[in-house]
Amino acid sequence: MTAAASAAPTAPAAASRIAVVTGASSGIGAATARQLASAGYRVVLTARRKDRIEALAEEIGAAGGEAVAYALDVTDRAAVDEFATAFKKIGVLINNAGGALGADPVASGDPAEWRQMYETNVIGTLNVTQALLPALTASGDGTVVVVSSTAGHGTYEGGGGYVAAKHAEHVLAETLRLEIVGTPVRVVEIAPGMVRTDEFALTRFGGDAEKAAKVYAGVAEPLTAEDVAETIAWTVTRPSHVNIDLLVVRPRAQASNTKVHREL
């Protein structure tokens with residue numbers, strides 16, 4: 001077997017062709033759904049914004065892929081449990097729903113924003129993972145992907161609430177991997193650094209476009225949602241015995257959460 005052949009993506013088996021993507025209405029989630037559909041998965045798009053995921057499902061279908069949309073709030077456990085009853089077997093779960101709110105110091109941070117970030121990033125990931133783990137196991141070849149952040153691996157000023165939530169999400173993935181070793185389910189964590197999407201920074205700063213733009217000021221090429229999605233798809237399509245425990249991906253201009261080369 002040649003090196004090129006051994007590096008080729010693994011086609012999903014019939015029992016594991018379904019891939020569920022949370023937070024699929026925009027950004028990394030939407031880009032990942034497109035990538036997995038191209039790789040042969042039947043993608044289940046979940047997000048709160050039904051119109052967005054329905055439009056994406058139509059787009060994927062028009063491109064020759066398979067996708068269905070399901071409106072879902074990952075923090076609503078009853079809704080998540082109901083959603084999970086639709087599946088006996090699934091191959092992939094992409095825990096992408098999350099996000100950041102605010103950039104205040106710990107001394108003046110809004111507890112409501114901290115709570116919302118924890119609920120979405122951590123409890124949301126817990127809810128969906130718990131609900132779908134039996135179906136992932138039943139497939140005989142399941143993969144759980146947790147899209148965390150470099151914020152889960154290093155601190156920075158003004159990021160306390162988001163950093164705390166992403167550290168918790170990292171620990172969730174790490175602990176799950178220990179607890180289910182020996183089952184036919186892999187646990188992958190993807191930790192992106194600076195990614196420029198249409199909504200992440202804008203949402204973080206309450207719609208303030210000027211503040212959002214400053215995040216990327218002077219950085220010619222931050223990561224794109226497609227960059228991260230390609231990385232996610234690569235980990236998912238490795239041979240079944242290969243588990244990419246943790247993959248940190250940053251733009252070349254970013255050496256750490258606090259060290260970024262800017263040309264201003």
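Which residues in H2 are buried? Here are some friendly notes, starting there.

1. This is a predicted model, in which local features need pLDDT of at least 70, side-chain atom pairs count only at pLDDT 80 or more, and totals for chains, interfaces and linings use all residues. Residues are numbered from 1 along each chain as its sequence is written, and side-chain values use heavy atoms, with hydrogens and water left out.

2. The buried residues of H2 are Ile28, Gly29, Ala30, Ala31, Thr32, Ala33, Leu36 and Ala37. Buried means under 20% relative accessible area, exposed over 50%, and partly exposed in between, with a 1.4 Å probe and protein chains only. Helices (H or I, at least four residues) and strands (E, at least two) are DSSP runs, numbered from the N terminus. Among the elements covering these buried residues are strand S1 (18–21), strand S2 (42–47), helix H3 (50–62) and helix H9 (225–236).

3. The geometry of helix H2 (residues 27–38) agrees with expectation: its twelve residues should span 16 Å at 1.5 Å a residue, and the end C-alpha atoms are 17 Å apart. The expected span is 1.5 Å times one less than the number of residues. Just after H2, Gly40 has a positive phi of about 105 degrees.

4. A nonpolar core is a set of buried Ala, Val, Leu, Ile, Met, Phe, Trp, Tyr and Cys residues joined through side-chain atoms within 4.5 Å. The largest one has 35 residues, of which Leu36, Val43, Leu45, Ile94 and Ile232 touch the most other members. Apart from it lies another core of 25 residues, including Leu93 and Ile180. Beyond its neighbours within four places in sequence, Ile94 has contacts (heavy atoms within 4.5 Å) that include Thr32, Leu36 and Ile232.

5. Aromatic rings of Phe, Tyr and Trp (its six-membered ring) pair if their centres lie within 6.5 Å; planes under 30 degrees apart count as stacked, over 60 as edge-to-face and the rest as tilted. There are three aromatic pairs by this rule. Tyr70 and Phe83 make a tilted one, at 4.7 Å centre to centre and 55 degrees between the planes. Tyr70 lies in strand S3 (residues 66–71) and Phe83 in helix H4 (residues 77–84), so this pair ties together parts 13 residues apart in sequence. Phe83 and Phe87 are edge-to-face, because their centres are 5.1 Å apart and their planes at 70 degrees. Tyr70, at 31% relative accessibility, is partly exposed, whereas Phe83, at 2%, is buried. Together, Tyr70, Phe83 and Phe87 form one aromatic cluster.
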